[in-house]
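Let's take a walk through this fold, one piece at a time. Keep the viewer open as you read.

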Amino acid sequence: EALEKGGALGWGQIDAGFFRRPEDWRERMRLYFNEIDRRDYWHGAYKRMDVLRREGYVRLERYINHHQTYLLTLAGYRLLFSRGRLVAKGFRPELREGYVDHELAVAGVGLILEEGGIARKVLSHRQLYAKREREQRSRPSLVRPDIWIADKEQPCAVEVELTQKSAARYQNLWEEYRHAMPRGGKVLYLTGWDGLRDTLLKQANDCRFPLFYAATL
């Protein structure tokens with residue numbers, strides 16, 4: 001289900017989120033952001049995922065500069081469909097290496113938010129796409145956050161920003177957020193480094209975008 005919801009998950013994320021669940025938060029963070037050690041392969045989760053791979057329910061992608069990444073297959077999707085367990089109404093057949101860092105960072109943040117017990121519904125960007133296709137087919141929008149924290153009083157759009165966009169791109173996106181964000185909503189950017197966080201805070205201030213918050217990963 002998590003593979004369908006997020007589109008892809010790293011080996012460490014699967015291990016921490018669904019198998020070992022380490023009590024030490026440092027160990028959990030290491031795995032959620034896929035900092036893998038050789039000893040991690042000794043545990044049962046790796047063997048379990050290899051069984052699912054051999055049965056054809058998941059695909060294992062091996063990239064040159066990344067650890068093992070899993071995707072759902074059509075057979076896995078059909079199994080979820082037969083059990084009534086789909087959440088995003090689709091699956092990702094492939095993931096180009098250029099997108100791996102961002103997609104796995106988003107998946108890690110989503111798993112952390114779900115684990116954190118914030119008592120709110122955490123939606124992935126894939127769930128949002130499926131929802132928008134049903135509700136707003138005629139109105140294209142730039143507002144497609146990586147994660148949406150659903151809440152009646154204080155909803156929050158979460159953007160994981162590992163590379164910097166142009167100032168014009170941010171200005172257009174934030175203008176869309178002004179019109180699309182429900183009352184009480186906020187926009188949180190999680191950046192890959194301090195300088196990008198500070199740059200975005202300044203740009204948001206210059207644009208007088210009061211919904212904006214930022215922190216580093």
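**Pockets, cores and strands**

The residues lining the second largest pocket divide into 13 nonpolar, one polar and four charged; here Ala, Val, Leu, Ile, Met, Phe, Trp, Tyr, Cys and Pro count as nonpolar, Asp, Glu, Lys and Arg as charged, and the others, Gly among them, as polar. Before going further, a note on what you're looking at: this is a predicted model, where local features need pLDDT of at least 70 and side-chain atom pairs count only at pLDDT 80 or more, while totals for chains, interfaces and linings use all residues. Residues are numbered from 1 along each chain as its sequence is written, and side-chain values use heavy atoms, with hydrogens and water left out.

Back to that pocket. The space in the second largest pocket comes to about 530 Å³. Of its 18 lining residues, E1, A2, L3, L52 and L80 are the closest to the centre. Two or more lining residues come from each of α1 (2-6), α2, α4 and α5. As for the terms, helices (H or I, at least four residues) and strands (E, at least two) are DSSP runs, numbered from the N terminus. A pocket is found on a 1 Å grid over the protein atoms alone, as an open set of points where a 1.4 Å probe fits, with protein on both sides within 12 Å along at least five of seven lines; lining residues have an atom within 4 Å of a point. Grid points are joined across faces, edges and corners, and a volume is the space filled by probe spheres set on the points.

The largest pocket holds about 640 Å³ of space. Its lining runs to 25 residues, and Y99, H102, E103, Y129 and D146 lie nearest the centre. By class, that lining has eight nonpolar, five polar and 12 charged residues. At least two lining residues each come from α6, α7 (125-135), β6 (156-161) and α8 (167-180), with α6 supplying the largest share, five residues.

Six of the six residues of β6 are buried, so the strand is largely enclosed by the rest of the structure; buried means under 20% relative accessible area, exposed over 50%, and partly exposed in between (1.4 Å probe, protein chains only). In a regular strand the side chains alternate between the two faces of the sheet. In β6 both faces are covered, with C156, V158 and V160 on one side and A157, E159 and E161 on the other.

β5 and β6 form a hairpin, with five residues between them.

Now for another sheet. Three strands make an open, antiparallel sheet in the order β1-β3-β2. Its edge strands are β1 (9-10) and β2 (58-61), each pairing on one side only. Two bridges join β1 to the antiparallel strand β3 (residues 69-72), and in β3 the bridge partner of G10 is T69.

The largest nonpolar core has 19 residues, and L3, L9, W11, M49 and Y70 have the most contacts inside it. Such a core is a set of buried Ala, Val, Leu, Ile, Met, Phe, Trp, Tyr and Cys residues joined through side-chain atoms within 4.5 Å. Two or more core residues come from each of α2 (11-18), α3 (25-32), α4 (44-55), β2, β3, α5 (74-82) and α6 (97-115). The most come from α2, with three residues. Not counting residues up to four places away in sequence, W11 touches N34, I36, D40, Y41, A45, Y46, M49, Q68 and Y70; contact means heavy atoms within 4.5 Å. Apart from this core lies another, of 18 residues, among them L123, A157, Y170 and F212.

Finish at helix α3, where R30 lies. R30 is buried, with a relative accessible area of 11%. Leaving aside neighbours within four places in sequence, R30 is in contact with E35, I36, D37, R39 and D40. The buried residues of α3 pack against α2 and α6. Just after α3, N34 takes a positive phi of about 60 degrees.

Note on methods
Two strands pair if DSSP finds at least two bridges between them.
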